[in-house]
Amino acid sequence: MNNSNIVGTSVPRLEGRDKISGKARYVDDMELPDMMYGATVRSKIARGKIKRINFGSDIHWQEFVIVGPSDIPGKNCIALIDDDQPCLADGVVNHPEEPLLLLAHPDRHLLPKAVEAISVEYDSLPAIHKIEESETLAQVIWGADNTFKTYLIEKGDVEAVWQTADYIVEGEYTTGAQEQLYIENNGMIAQFDAEKGITVWGSLQCPYYIHKALMKLCGLPADKVRVVQMETGGAFGGKEEYPSMIAAHAALLAMKSGKPVKIIYDRMEDMAATTKRHPSRTRHRTAVTKNGRILGGEIEFTIDGGAYKTLSPVVLSRGAIHAGGAYYWPSVRIRAKAVATNMPPHGAFRGFGAPQSLFALERHMDRIAEVVGISAVEIRRRNFLKTGQTTTTEQVIREEIDLDKLLDRALELSGYHVKREKFAAENRHNRGRKGIGIAAFLHGAGFTGSGERHLGSSVAIEGCADGRVRILVSSTEFGQGTKTVLCQIVAETLGLRYEDVEIAQADTQEVPNSGPTVASRTVMVVGKLVQSAASGIRETLKASGKIGDSYSAEDFRKACRAQVQEHGKFLSIAKYEQPDEVVWDEEKYRGSAYAAFAWAVYVAEVTVDPVTYGVSVDDFVALQEVGKVLHPALAEGQIIGGVVQGIGFALYEKVVWKSGRMQNGQMTNYIIPTSADLPSIRVHFEELGNVHGAYGAKGIGELPMDGPAPAVVNAIVDAVGVPFNSVPLMPEDIFDSLQQRAASASLLGSSQSAPLAREKR
Amino acid sequence: MRAQPAEYELVVPGSLPAVLALLAESPGQWLPIAGGTDVMVQYSAGNLPARKLVSIWNLPELRRIDNLADEIQIGAGCTYTDIRESEVIHREFALLSTAAGWTGGIANQNRGTIGGNIVNGSPAADSLPALLVYEAELLLVSKRGERRVPYSSFHTDYRKTQLAADELIRTICLKKRFSEYYAHTRKVGARNAQAISKVCLAALGRLSNRVIEDVVLAMASVAAVPLRLRKTELLLRGKRIDRPLTNLARTTAAAEVQPIDDIRSTARYRAAVAGNLVAEFLEQLRANEKAK
Amino acid sequence: MSESSPPSARCEVSFTVNGQATTLQVYAMERLLDVLRHELSLTGTKEGCGEGECGSCSVLMDGTLVNSCLIPVLQANGASIVTIEGLTAKSEAQELQQAFLECGAAQCGICTPGMILAAFHLLSKKPQPSVEDIRERLAGNLCRCTGYMQIVEAVAKVARCGAAR
């Protein structure tokens, strides 16, 4: 069997032709006969009891289908980890934009006015919008104490380290909300049939999440709910859990009206009402030797989950586990909590907690370096995890990773040392202050701990009548290359041509549950299963004598055709089995958190403009070790795209809140970089095979989100010498800090700023 | 899309006299729409109060550029692309050329018009500081006739102008008196393209042996209307450029502007940056003379 | 809220779309984007923002790149419109589309039709753009997936091939 090197080359994107010709079909491109349009009536206040709902007299309400909580056949909830989030608020609202009622009408133009014509009278209650407000418990808005979840990770003996430390370095770091801003807004079409049940088509990442939610909401059995993914125009986590809500809404309207119903959000609604990255606050207290070695520390990691639990416990988990980063902590205590506020629930966004805790850590490492009096490079070298050492959860690093070497390579690629010297000299003369900053980090691929075992993912491959094979998975394509890479894997495994493999549309009626398309797990976990299932197809054909140990692609196709002709379509199924070495203690939160880590060192070069206080990123090196790179162009595209989102997180993307409602919910006012704002992002890979992934691949989708913010902010701090500990970092913030520094300098009569740490001795 | 198209009327009279006749017949009833890059955004958001619109897009009388002996006349219906592609504007009134390239992306530059930019009256509009420093005059036209007004007094308050209910801007007139001046402009936005300005400076200066013979300064986004910095100009005229003067100009400009806190930025940032922009201009003015 | 005005009547609008003459009865203030997508089933042109910021709705109108979400259909009367379907059918942007495929310039694909229209328009005005030119002239088309680099690469590739000929 002859492999033509499909894996490892940049084959054409499977659905690429349709995308470049305008033929790709997204949910809003589809219309069904007799279809109506739906819209959502939402809360205008953050918290309160609903007293009365008034329907304005100008509207011909009899033409509209109106759905309220009482129309829900099953349970009024969007089932996820908990059932606490209502599908429609019933008597009580807990965040602005919370859905109250649903309307449908055949003429979509009549909906906005109808929505506006519904006015709600509330008994307002005091609302909370910040982590600190939630913590005071002046208002308890969820459970007994506003706390969705806590984790405690403990390793070694934290109490002992304070005694022997030469320095104790403290710091507090915060990150703001970030909007996923997929260019295609959320949308769903639902249809109900008494016999077939509910079918929904939409823009989504996880068909089976929606399937589960609709079963509970509609009170329908599994075979009466069908979820079909359409071409999806970007997701980044923003379509992981939220689509269950909009699907639920469309389904209810479809059930009540007996007609298909399409709901498509416009940009303003999508921005204001749907999930965002969890805002976070991390507090570090670290015991360090005079050589800069970390002895141990306490990390307090807190995220703002918004009004309902949704996925906050999982975001918290990942953020907490990543809080110690790529370093060796002999002792550590990580206290993590997710708290409730009266904001629209925050949700999944690429990185999923890790960008938040890693921002804090990588800023903190630079801070430690400054206190100890060594360089940002040295502090990292002296603390990097090595093969054989354990992470904060006591996972043994088994692979042959050499972070020192990775750092060296990144420094060389970026010209770090030469530039640092050059900038120091230039900054004395030039007005633009230049700086260069580093972030070193890791990202665990796949679900945490026993998560993959609980998912119990299943894939199937089908032998088809035309001799090709067809992949059946619930893993979805939304730009990251799922379809392409899974087909590459199967083609390579079976010795077929890339064109001999196809992949079914993600339709819960057709495909098994291979788990959600999240957590950078698709290539690594699902890819491995798909590889396994492919082998099963080959075994079937071998067993029937139609092919031997060695065969050509043509032989295979012939054999497959014959098999189908004789016996009908045949399937090979593969189900996930946890590798023995992945052992995890859910109680103590200890053990092998992830089957594989990807590692990275990013270097950012910036100029801070003295006239505008604006920051331009002039060069960016993204070096990562990601196992085997299965498709170079796709991998590079993922890294560049993620880096740009990370730069946005650091410098451009600020959600302006007022009483829990996003004020800048338009593309004019929520700023992402344009093509004119970015340098070339220089992407490089190291490859260290991963035994758990298909062809040695690890996950890469989220990794690039973790590094840019700290690298960029470290560079800014290098440039202007003022510590910045929050993102987004806007020119206005830089200006304010420089003002303060100038003011306190003149007060103190010197250029000394306040000390950064308490020195122990 | 939050508007109901059935509730709106749009007419396309097709000629300037026809449009003016309609405006005269029912003053204040018809909202003129040229390229629509402002009006249609409001419309889509469900925020357009007007229900009747009259198209003035591509009217030949308004979409022309005339190069006269002593002035250039730019039709109010000229798009930003028309302005960018005009060699004579680029040569004689470079600040306007540059500003036209800042406004939105290419697609919006192909539709947005200079007249629309003025009448929309946003103090953040990119072209307006350039028009102020070039001391533009506007030809306003109605069925009643024509009048010529200095642009400097055209904006009366936030999004309010001197335009009468039956009038349109026909032409923007720029006198060719600035070839001896050093021209400088800089826009500060949230990103390098497609950004509403936080502060924007247009400046002209004439230096002779380090003495500022004349200086003209105007800014966007620092007041309710595009602002001419006359106090700062007064401070500078006739003086010799040196570091103390530049710093004084910085603080004077920072104090002269009246910015606010809004969704994009803060008042204190805008004031400081306004001062910095003026200082930067003076440094470049000086450097430019040195280089000659 | 003002008192409701009597609904206006539909009017006749004629234009050419992708070379085909079309006459429709529509409301004058329908957005050109909606007319293309709903009346003419040309769903290749997308809505990303409804405010002229993202460029997903880009089409050519009389050879000029415009955001169709900002054009009242009556203003398109008598115009010649080209959408992604038209470019594809006439193979006019074939090289560009092929370059997009080869360079990985389309990920989720939602910005791609608008991006191709913008790039096509750019190359028609400036057959040999510099990388700066490309970055500047595509700045009105937002992409959230790619970080732009592979898109710029695709356009530059076509520009270079154009130069070679």
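# Chat about chains A, B and C

Mentor: In this predicted model, 26 residues of chain B are in contact with 32 residues of chain C; contact here is C-beta atoms, placed from the backbone, within 7 Å. Local features need pLDDT of at least 70 and side-chain atom pairs count only at pLDDT 80 or more, while totals for chains, interfaces and linings use all residues. Residues are numbered from 1 along each chain as its sequence is written, with chains lettered from A and ligands numbered from 1 in the order in which they are written.

Trainee: Which elements supply at least two residues each of the side of chain B that touches chain C?

Mentor: E1, helix H2 (39–44) and helix H6 (106–109) of chain B. Helices (H or I, at least four residues) and strands (E, at least two) are DSSP runs numbered from the N terminus.

Trainee: And how do the residues of that side divide?

Mentor: Into 13 nonpolar, nine polar and four charged. Ala, Val, Leu, Ile, Met, Phe, Trp, Tyr, Cys and Pro count as nonpolar, Asp, Glu, Lys and Arg as charged, and the others, Gly among them, as polar.

Trainee: Back to E1. What order do the strands of its open sheet have in chain B?

Mentor: The order of the three strands is E1-E3-E2, with parallel pairing; strands pair if DSSP finds at least two bridges between them. Strands E1 (9–11) and E2 (31–33) of chain B each have a single partner strand, so one side of each is left without a neighbour in the sheet.

Trainee: How many bridges join E2(B) to E3 of chain B?

Mentor: Three, and E3 covers residues 52–55. In this pair of strands, B:Pro32 stands opposite B:Val54.

Trainee: New topic: what domains does chain B have?

Mentor: The assignment, automatic or from a database, gives domain 1 (5–55), domain 2 (65–175) and domain 3 (182–291). The centres of domain 2 and domain 3 of chain B, taken over C-alpha atoms, are 21 Å apart. Their contact takes 20 residues from domain 2 and 23 residues from domain 3.

Trainee: Last one: which residues touch the most other members of the largest nonpolar core?

Mentor: A:Ala250, A:Ala251, A:Val490, A:Val530 and A:Val712, in a core of 410 residues. Such a core is a set of buried Ala, Val, Leu, Ile, Met, Phe, Trp, Tyr and Cys residues joined through C-beta atoms within 7 Å, where buried means 20 or more other C-beta atoms within 10 Å of the residue's own. Helix H17 (residues 632–652) of chain A gives the largest share of this core, 12 residues.

How values were computed: Contact = placed C-beta atoms within 7 Å. Buried ≥ 20, exposed ≤ 12 C-beta atoms within 10 Å, placed from the backbone.
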